Each structure stands twice: as structure tokens, then as C-alpha cells.
Amino acid sequence: MGARALMRVILDTNVLLAALISPHGTPDKIYRAWRSARFTLVTSAAQLDEVRRVSRYPKLKPILPPHRVGTMVNNMQRAIVLDKLPHLPDDITPGDPSDTFLLAMALSGEADYLVTGDRCAGLIQRGHIGRTRIVTPTLFVAGAL
């Protein structure tokens, strides 16, 4: 395996669910690249809970079959799963409080990339946290895969 297999990547929950909703889209390409060991996925117990919870939202339930969500969660349990996330330093404030766990994962998981499709919550605008670059799925595919 090449050096790229050592790259540590966090996929925002919106990217993971988009991979299930739209096969053959950019998020699905990223998810398949992880499944093919092109990079190391970093996740957390908090994110696994979020995937399960969000996938049950009424607007998503009809397009996210429970068995596909379950398979994804089972696959993700083979990644680096951070059980306990640290508090963010006082000088780091997420634009959206629900993104706090993603930033904590980036710091404690020593991720190279945090890939998010959320352009409104301020993650993309932040650009990085510590050593972790925050990028869109399109930029990740173009520059890192």
C-alpha cells in the first residue's frame, strides 16, 4: 500500500448519507475509495450515533433504506473510532454547535482532511483546524484521491 493509505480522513455525516442517497456521485466515490483502503477513515461514537439518528428523519427515511444505513455503520466500526472526544480549546468556536464533535474528531484523530458538503455552517469557510484541511467532496477528490 502506498502513502495515501495512511492519510486520515473524516467524512462529515452529510457526505456519508449523500453517498447512500446518490450512488455514483462524488460522496459515493469517496466512500468507495475508503472501502478500497485508499485512506484511513476516522470516526467517533458520536458520529455513528448521528448517522443512525439523522437517517431516521422523516424526510430522509424514504430514501435511506435502514439496511444500507446499517451496513454503512457496521463498515465504519472497522475504521478508527474515537470513543471519547476532548473539549475544544476555548479559542475554537464552531459556526454551528452541532459541528463541535467534527472539529474535536479532527484534532484528536490527527486527521489530514475533514470532508464536508455543508457550505452554510462555517466549516468550509474555516479552511482548517490544526493540521486538518477542511474541504468539499469535489476538492478532496481532485486534490487528495
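Tutor: Helices (H or I, at least four residues) and strands (E, at least two) are taken here as DSSP runs, numbered from the N terminus. The model is a predicted one, in which local features need pLDDT of at least 70, side-chain atom pairs count only at pLDDT 80 or more, and totals for chains, interfaces and linings use all residues. Residues are numbered from 1 along each chain as its sequence is written, and side-chain values use heavy atoms, with hydrogens and water left out.

Student: How many helices and strands does the protein have, and what pattern do they follow along the sequence?
Tutor: The secondary structure comes to 7 helices and 6 strands. Read along the sequence, these elements give the pattern β-α-α-β-α-α-β-α-β-α-β-β-α.

Student: What percentage of the residues in the protein is buried?
Tutor: Buried means under 20% relative accessible area, exposed means over 50%, and partly exposed lies in between (1.4 Å probe, protein chains only). Of the 145 residues, the buried share is 46%.

Student: Among contacts between residues at least 6 apart in sequence, what percentage joins residues at least 24 apart?
Tutor: A contact requires heavy atoms within 4.5 Å. With that cut-off, and among pairs at least 6 apart in sequence, the share joining residues at least 24 apart is 65%.

Student: Why do the buried residues of helix H4 lie on the same side of H4?
Tutor: The buried residues of H4 (residues 66-76) are Val 69, Met 72, Val 73, Asn 75 and Met 76. They lie on the same side because, taking the arc from the directions between helix axis and C-beta atoms, they cover only 160°.

Student: Which elements do the buried residues of H4 pack against, and which exposed residues are on the face turned away?
Tutor: The packing partners of the buried residues of H4 are helix H1 (13-21), helix H2 (26-35), strand E2 (40-44), helix H3 (45-54) and strand E3 (80-82). The face turned away from the buried side carries the exposed residues Pro 66 and His 67.

Student: Is Val 73 buried or exposed, and which residues does Val 73 touch?
Tutor: Val 73 lies in helix H4, and at 4% relative accessibility Val 73 counts as buried. The C-alpha atoms of Val 73 and Arg 52 are 7.8 Å apart, although the two residues are 21 apart in sequence. Not counting residues up to four places away in sequence, Val 73 touches Leu 48, Val 51 and Arg 52.

Student: Which elements do the buried residues of H2 pack against?
Tutor: The buried residues of H2 are Pro 27, Asp 28, Ile 30, Tyr 31, Ala 33 and Trp 34. Just after H2, Ala 37 takes a positive phi of about 65°. The buried residues of H2 pack against strand E1 (8-11), H1, E2, H4, strand E4 (113-115) and helix H7 (137-143).

Student: Which residues is Pro 86 in contact with, leaving aside neighbours within four places in sequence?
Tutor: Pro 86 is found in the loop between E3 and helix H5 (100-108), where Pro 86 is partly exposed at a relative accessible area of 40%. Leaving aside those neighbours, the contacts of Pro 86 are with Ala 104 and Ser 108.
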